[in-house]
Each structure stands twice: as C-alpha cells, then as structure tokens.
Amino acid sequence: MENKNEITVYDEINRLSKKIGIEDENSKTILEVELTDNPDIKSLNLKSGSWEAKEPWFVIDEKKNIHALVSLDTLTKMVNNLKNLGQENFELRLEKTIWKHLPVDFGDVWVVAMDEIKNMAKASQNAQAVKLDIEKLIANIKKKHPSLFVDLKGLYNNMHPNDILD
C-alpha cells in the first residue's frame with residue numbers, strides 16, 4: 001500500500017497533468033528515481049505509462065519532488081514560444097501607449113520608437129538588460145517630435161469661441 005506522501009505526489013501529478021491538458025489517466029508516464037548502493041548511480045523506474053508515451057514524463061525524485069522530462073526539441077519550441085509571446089506582449093504595450101498619446105500617423109511614431117529602442121540596445125553592453133519604460137519612451141518622442149502627435153491643447157486654444165457654438 002502507498003503511504004500518504006506517495007498518494008499526495010500522484011494526486012499532484014494528476015492535478016498538474018489536467019492543468020496542461022492531459023486528461024487520460026493512462027497516457028501519463030511516471031518515473032521514479034531510486035537510490036542504489038553506489039552514490040553515483042541512481043535507478044529510474046517506470047511506475048506507470050510507457051517509455052514510448054507522449055511528453056512530458058513526470059519524474060518523482062528521491063525527495064518526492066516532481067519534475068517534468070521533455071525532449072530538447074520540445075524545450076526549444078517552448079522557449080521560442082515564450083520569446084514570441086514576450087515580443088507580442090511588448091509590441092501590444094507599445095502600440096497601446098502610442099495610441100494613448102494620439103499620433104498623427106501611428107506608423108511614423110512606431111518607426112521612431114523602434115529606432116530609439118535599437119539605439120538604446122546598441123548603447124547598452126547587454127541588449128537583454130535594457131530596462132524600458134514605454135510610457136517614458138513615447139513621452140520623450142512626443143517632446144522631440146511634437147509634429148508626430150495631435151496637440152489637443154493647441155487645437156483648443158486656437159479655436160475661436162464662436163467655432164464651438166457653430
């Protein structure tokens with residue numbers, strides 16, 4: 001009979017597998033690491049599933065921690081997807097901020113913003129370490145290039161009071 005700790009580990013694997021879309025109880029491969037007499041060698045035992053089953057495989061180590069085992073190809077795809085998602089998130093935040101500042105021509109402001117970002121990355125030794133405040137970036141572009149944005153205050157101040165009533 002399994003002890004309470006093992007039941008909790010298997011319950012956690014079931015919970016995690018459902019969370020990532022693995023519904024079928026029999027489609028999960030669960031491996032367990034076991035110690036051997038040699039401290040440099042550990043045994044990997046198949047507890048359920050199959051050696052040919054789809055990824056991820058769940059591995060329970062000797063301390064009852066759960067690990068996921070995936071191929072290098074799958075890991076590479078996951079990392080690339082996360083990078084793409086981060087890029088899309090950044091672009092959406094930049095787009096939202098540009099629109100908030102009322103551009104005359106969105107495309108022109110986008111090009112100027114991307115040039116500024118590239119220049120900041122070049123100036124930094126580590127392009128990944130560039131901390132970017134998008135709001136501040138667009139505000140600075142607006143100061144440098146006010147003609148790229150609609151000036152609502154200027155429009156309002158230049159209006160004749162009779163124009164409002166007409």
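This is a predicted model: local features need pLDDT of at least 70, side-chain atom pairs count only at pLDDT 80 or more; totals for chains, interfaces and linings use all residues.
Biologist: How are two packed helices described, and what are the values for H2 and H3?

Modeller: Two packed helices are described by the angle between their axes together with the distance between those axes. Here helix H2, residues 72-100, packs on helix H3, residues 106-123, at an angle of about 125 degrees, and their axes lie 11 Å apart. Because angles of 65 to 115 degrees count as roughly perpendicular and those over 145 as roughly antiparallel, H2 and H3 are oblique to each other. The crossing in which H2 passes H3 is right-handed.

Biologist: Which residues make the contact of H2 with H3, and how do they divide by class?

Modeller: From H2 the contact takes Phe-90, Glu-91, Leu-94, Glu-95, Ile-98 and Trp-99, and from H3 it takes Phe-106, Val-109, Trp-110, Ala-113, Met-114 and Ile-117. The residues of this contact of H2 with H3 comprise 10 nonpolar, no polar and two charged.

Biologist: At what angle do H3 and H4 pack, and how far apart are their axes?

Modeller: H3 and H4 pack at about 115 degrees, with their axes 10 Å apart, and they are therefore roughly perpendicular to each other. H3 passes H4 in a right-handed crossing. On the H3 side the residues are Val-112, Ala-113, Glu-116, Ile-117 and Met-120, which meet Leu-137, Ile-138, Ile-141 and Lys-144 of H4. Sorted by class, the contact of H3 with H4 holds seven nonpolar, no polar and two charged residues.

Biologist: What should I read from the remaining pair, H2 and H4, where the axes come within 10 Å?

Modeller: The axes of H2 and H4, which come within 10 Å, cross at roughly 40 degrees, and the two helices are therefore oblique to each other; their crossing is right-handed. Phe-90, Arg-93, Leu-94, Thr-97, Ile-98 and Lys-100 of H2 meet Ile-134, Glu-135, Leu-137 and Ile-138 of H4, and by class this contact of H2 with H4 has six nonpolar, one polar and three charged residues.

Biologist: Turning to the charged side chains, how many salt bridges does the rule count?

Modeller: A salt bridge is read from a side-chain nitrogen of Lys or Arg lying within 4 Å of a carboxyl oxygen of Asp or Glu, and by this rule the count comes to eight salt bridges. One of them joins Glu-135 to Lys-100, with the closest N and O atoms 2.7 Å apart. This pair links distant parts of the chain, since Glu-135 belongs to helix H4, residues 134-144, and Lys-100 to helix H2, 35 residues apart. Glu-135 is partly exposed at a relative accessible area of 30%, whereas Lys-100, at 57%, counts as exposed.

Conventions: Residues are numbered from 1 along each chain as its sequence is written. Side-chain values use heavy atoms; hydrogens and water are left out. Axes are lines fitted to C-alpha atoms, for helices over the stretch in contact, and angles run from 0 to 180 degrees between N-to-C directions. Helices (H or I, at least four residues) and strands (E, at least two) are DSSP runs, numbered from the N terminus. Angles under 35 degrees count as roughly parallel, over 145 as roughly antiparallel, 65 to 115 as roughly perpendicular and the rest as oblique. A crossing is left-handed if the near helix is turned anticlockwise from the far one by less than a right angle, and right-handed if clockwise. Contact means heavy atoms within 4.5 Å. Ala, Val, Leu, Ile, Met, Phe, Trp, Tyr, Cys and Pro count as nonpolar, Asp, Glu, Lys and Arg as charged, and the others, Gly among them, as polar. Buried means under 20% relative accessible area, exposed over 50%, partly exposed in between (1.4 Å probe, protein chains only).
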